[in-house]
Amino acid sequence: MSWQKYILAFGITAAIFGTAFYIAARFDSARVADIRATQEAVSIDILSLETQFDLLGNLPCSIIADNPVLSDELDELASRLSVAEGNLGSDNAEVISLKKQYSLLQIKDYLLLQEVSQKCSSFEPVYVLYFYSNTGDCTDCARLGEVLTYLRQTYPGLRVYSFDYNLNLSALQTLIALRKVRGDLPALIINDRAPVYGFRNLEQMEELIPELSTLSTTTATTTER
Amino acid sequence: MEIGALGLYVCLFIALYFEVFLLISFLEKRPSKKSALRPAFYPTVDILVPCFNEQETVGKTIESLLAMEYPQDKLTVTVVDDGSTDNTASIAQTYAAKYPNVRFYTKENGGKYTALNFGIENATADIVGCLDADSFVAQDALIEVIKSLNDNPSIMAITPAMKVHEPKNALELMQAVEYTFGIFYKKMFDNLSAISVLPGPFSLYRREVFKKIGLFKHAHNTEDMEIAFRMHSHGLKIVNAHTAYVYTTVPKTVRALVKQRTRWSQGFLQNSKDYAHMFFNRKYGNFGMLVLPFGLAAFAAGLYTAGYMLYTVTSLIVNRIADYSATGIPLHMPSFHFDWFYIQTSMIIFVTVTVISLTLFAIYMGAKISQTSLKPRSFVAYFALYGFIAPLWLVKAAWGALLARESVWR
């Protein structure tokens, strides 16, 4: 009996595990880089739009109506961020950093939306600010998230901005304070109305957002997280 | 990382370590190819065929033995009928009347080991073998085995390469794959001097083995395993003749398969308990240090993985149903669009892929060294069914061993 073989087998097995860990980590890094690149692209788009506003003083409302700002990219970002969060964990520093950037982009997009809707009376957006927590204290958050995802897919014109209530980001905390959102999550702000709290199923959500009837619908075919 | 997933990593580490160990053994000593050489001399051989209600196959089994390329005056076939209630005895008697080197005995039913012991006590040949009455040997099987025995007088027992006889249904095809990588494993165990079972289909012993260590025991209905354990405990060498092919009929139904494997698995657990002193005992070489502990670890890992998967899948389904019920979202098929971003690339995937790749390599090598050709549908059957059926016998065996309940033959 040779001990060397036992040690060699252990070494090779450990090396295979190490390699698997390394490859998985490389994929995760590539995902993070992909998200960061998308966020930078979105950030440039927002800046560009803001600059257009500043340059022109006003942007033709027809252009706004035809180009629904950034919500599509933000939805894709949300989906990708959810995957990264699932792989790396919600307490991962990289994930937290990405979430902060994502939240900032959402806030900017939301502010831009407000500005556009004020300037263009024909532009009547339907939006939801959704505050959730994933620290285990909000069992209904995941389900409400699914309802909102489904609504977003059914009504492409609906804008959903989702925020991690506990994210340590001053801009977000300012938004929470301004809109007087309590910690009884999940919380929803629909079209500048007062916050509503607690889980709502699909039917209740449709009742809660009567403006949905003004939006065109499509058949929901995906269930992005 | 959640504790359940951590357990899964431990199981995968154990599986991978074992496969890597066998791979190193393979690279150290590759199995030789079959040669056309004939044995330098032909010792006398007595093949015992213990049978109980084997009327469907016993005739074919005897014929396959008589068709072997071996001097007929050196070969005796001893059929021991263990109190069959069907026509087994009359069929065997017909052969005994027709062929001078076929002997037939009948006795009261007492279990396979008693039939074997009866045959051994009446045997006079140098080599005593056993062939289950539902198995058939290749024409050159005995020649191949005798060549190995002649080459090394220290070899006390030898096992063949077991293949599935004419696999047809999905369950048999599944077992054909399992037996094929079993051929590779057995050869690697041979390299490590750690073969853990001398199966009923065509294992051969020097007759002196039984004088040294005694006859077969009941051994929880796994006398073929216990004798291997006992031989190791006495330092007797067991090897594998991978070029000696034997074809065995395998269970055709899930019920029969689970019953058979429960007996094997429970036998392993109970014999392990009886021979606990051999575990992690350097005195018994790789058998005590690797094969026995890893056999037990594989058993536990199989149970754990099956339990974990069952729990995970059940939780997922229950949660999805609860989610659909609570949210009111109508059921819809998720759309598929390829994006590398969403491909599962966790560490566990890569390790699992490695384990499966090494398993496929073992199957490939097993097929190569035994000249077995497996059909693609065999692989489909294996990968689709094995993971669902194996946990059944693992649970039954663990439960039976826990209650110290006797397993059943049929």
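This is a predicted model: local features need pLDDT of at least 70, side-chain atom pairs count only at pLDDT 80 or more; totals for chains, interfaces and linings use all residues.
Colleague: Is B:D46 buried or exposed, and which residue makes a polar contact with its side chain?
Modeller: Buried means under 20% relative accessible area, exposed over 50% and partly exposed in between (1.4 Å probe, protein chains only). B:D46 has 2% relative accessibility and is therefore buried. A polar contact is a pair of N or O atoms within 3.5 Å; within protein, one must be able to donate a hydrogen and the other to accept it, and sequence-adjacent residues count only if both atoms are side-chain atoms. At 2.8 Å, the side-chain partner of B:D46 is B:R103.

Colleague: How many residues does the largest nonpolar core have?
Modeller: Such a core is a set of buried Ala, Val, Leu, Ile, Met, Phe, Trp, Tyr and Cys residues joined through side-chain atoms within 4.5 Å. B:L65 is one of the residues with the most contacts inside the largest core, and beyond its neighbours within four places in sequence B:L65 touches B:I47, B:V49, B:L75, B:V77, B:L131, B:V137 and B:F202. A second, separate core of 57 residues includes A:Y110, A:L151, A:I189 and A:M205. The residue count of the largest core is 129.

Colleague: What distance separates the C-alpha atoms of B:V177 and B:L374?
Modeller: B:V177 sits in helix α6 (residues 170–191) of chain B, and because its relative accessibility is 0% it counts as buried. Beyond four places in sequence, its contacts are B:I363, B:L374, B:S378, B:F379 and B:Y382. Although B:V177 and B:L374 are 197 residues apart along the chain, their C-alpha separation is 7.1 Å.

Colleague: What share of the contacts in chain A between residues at least 6 apart in sequence joins residues at least 24 apart?
Modeller: Chain A has seven helices and four strands, in the order α-α-α-α-β-α-β-α-β-β-α from the N terminus. Of its 225 residues, 45% are buried. Among the contacts at least 6 apart, the share joining residues at least 24 apart is 73%.

Colleague: Which peptide bond of chain A is cis, with omega near 0°?
Modeller: A:P186 is placed in the loop between α6 (170–178) and β3 (187–190) of chain A. The cis bond is the one running from A:L185 to A:P186.

Colleague: What is the relative accessible area of A:N191?
Modeller: A:K180, in the loop between α6 and β3, has a positive phi near 55° although it is not glycine, and it counts as exposed because its relative accessibility is 65%. A:N191, in the loop between β3 and β4 (196–197), likewise has a positive phi, near 45°, in a residue other than glycine. A:N191 is buried, because its relative accessible area is 17%.

Notes: Residues are numbered from 1 along each chain as its sequence is written. Chains are lettered from A and ligands numbered from 1 in the order in which they are written. Side-chain values use heavy atoms; hydrogens and water are left out. Contact means heavy atoms within 4.5 Å. Helices (H or I, at least four residues) and strands (E, at least two) are DSSP runs, numbered from the N terminus.
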